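This report describes selected local features of one model. Please view the sequence and the coordinates before reading on.

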Amino acid sequence: TSLSPADPIPSAAADVAIVIDVLRATSVATTALQSGAKQILACREIDAARALAASLGPQTLLCGERGCRPIEGFDCGNSPAEYTADRVADRTLILTTTNGTRAIQSASSARTMVLASFLNLSAVVQHVHRFESLHVVCAGTDGQVTGEDVLLAGAIIDGVLLHRTDATDSDAPSPLCDASRIARQFWCGSLPNPDPDTLRKCLENTLGGRNLIRVGYADDLSRCAAIDSGPIIPYRTQLEPATFQVM
Ligand code: MLT
């Protein structure tokens, strides 16, 4: 697990990279696909996103934020509330965000990449537990560790371990790196009985949560805390048609 962008990402060696930006890029990507978006193209820079939209034509939507706020001239900001079926169904979305799309790009050498949020938590665990080696990448906030991403990392790691019988032998060496163990302890200690309301309260006390409350997006905390509201996983492999691409 990489708890923040400062941690090295050995994704090339892992079978799957699981990228997390709970507030809000990976929650937005999950919501958009649940609402019928065709594909998400993750772009790091605003100018590159604009150029891509110009080359792909009018069926694309420009989406994202800087400093949590919508970008001038873009079609959608970075609130899950904006990604309704009437807006995004059958559209290709070009998404650029401050930290989320940066984390996606940093993991792009992984053979398989999935985007995780609390909205698709169980589906992600079901999908990734079969892989031999996993690397969880937390986007963080402006280079810092942020609690909401570490919580989800812990939830995924805990879920994967429940599927692995070899990991329940307490005498066996732990298959987890220290960062994964820290994340798992944080999750298990913070939400022994996970439910969306308790999770929303936890998100209020994280760096990403406080930033969103400050700029008027407090309602997005409940939207991003809706555990298992949909089974859709944004994924990219080098073999299959993907539901998102790194540009
Ligand atoms: C990011 O990528 O930094 C976040 O998605 C920030 C936000 O949601 O505004």
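## Backbone features in two loops

Asp 142 lies in the loop that runs between strand E7 (134-138) and H6; helices (H or I, at least four residues) and strands (E, at least two) are DSSP runs, numbered from the N terminus. The phi angle of Asp 142 is near 50°, a positive value in a residue other than glycine.

Arg 24 is found in the loop between strand E1 (16-20) and helix H1 (25-34). Leu 23 and Arg 24 are joined by a cis peptide bond, with omega about 10°.

## Basis and confidence of the model

The model is predicted: local features need pLDDT of at least 70, and side-chain atom pairs count only at pLDDT 80 or more, while totals for chains, interfaces and linings use all residues. Residues are numbered from 1 along each chain as its sequence is written.

The protein chain has an average pLDDT of 92, and 93% of the residues score at least 70; pLDDT is the predictor's confidence in each residue, from 0 to 100. For the complex, the predictor gives an ipTM of 0.89 and a pTM of 0.94.

## Surroundings of the ligand

Both Leu 23 and Arg 24 belong to the shell around the ligand, together with Asp 21, Ala 25, Glu 65, Cys 68, Asn 78, Thr 97, Thr 98, Asn 99 and Gly 100. A residue counts as near a molecule or strand if its C-beta atom, placed from the backbone, lies within 6 Å of it.

This shell divides into three nonpolar, five polar and three charged residues. Ala, Val, Leu, Ile, Met, Phe, Trp, Tyr, Cys and Pro count as nonpolar, Asp, Glu, Lys and Arg as charged, and the others, Gly among them, as polar.

The axes of helix H5 (residues 121-128) and helix H6 (residues 147-163) come within 9 Å and cross at roughly 50°; axes are lines fitted to C-alpha atoms, for helices over the stretch in contact, and angles run from 0 to 180 degrees between N-to-C directions. H5 and H6 are therefore oblique to each other, given that angles under 35 degrees count as roughly parallel, over 145 as roughly antiparallel, 65 to 115 as roughly perpendicular and the rest as oblique. In H5, Leu 121, Val 124, Val 125 and Val 128 meet Ala 155, Ile 156, Gly 159 and Val 160 of H6, contact being defined by C-beta atoms, placed from the backbone, within 7 Å. The residues of this contact comprise seven nonpolar, one polar and no charged.

H6 also packs with helix H7 (residues 178-190), at an angle of about 95° and with the axes 7 Å apart. H6 is thus roughly perpendicular to H7. The contact of H6 with H7 has nine nonpolar, three polar and two charged residues.

Conventions. Contact = placed C-beta atoms within 7 Å.
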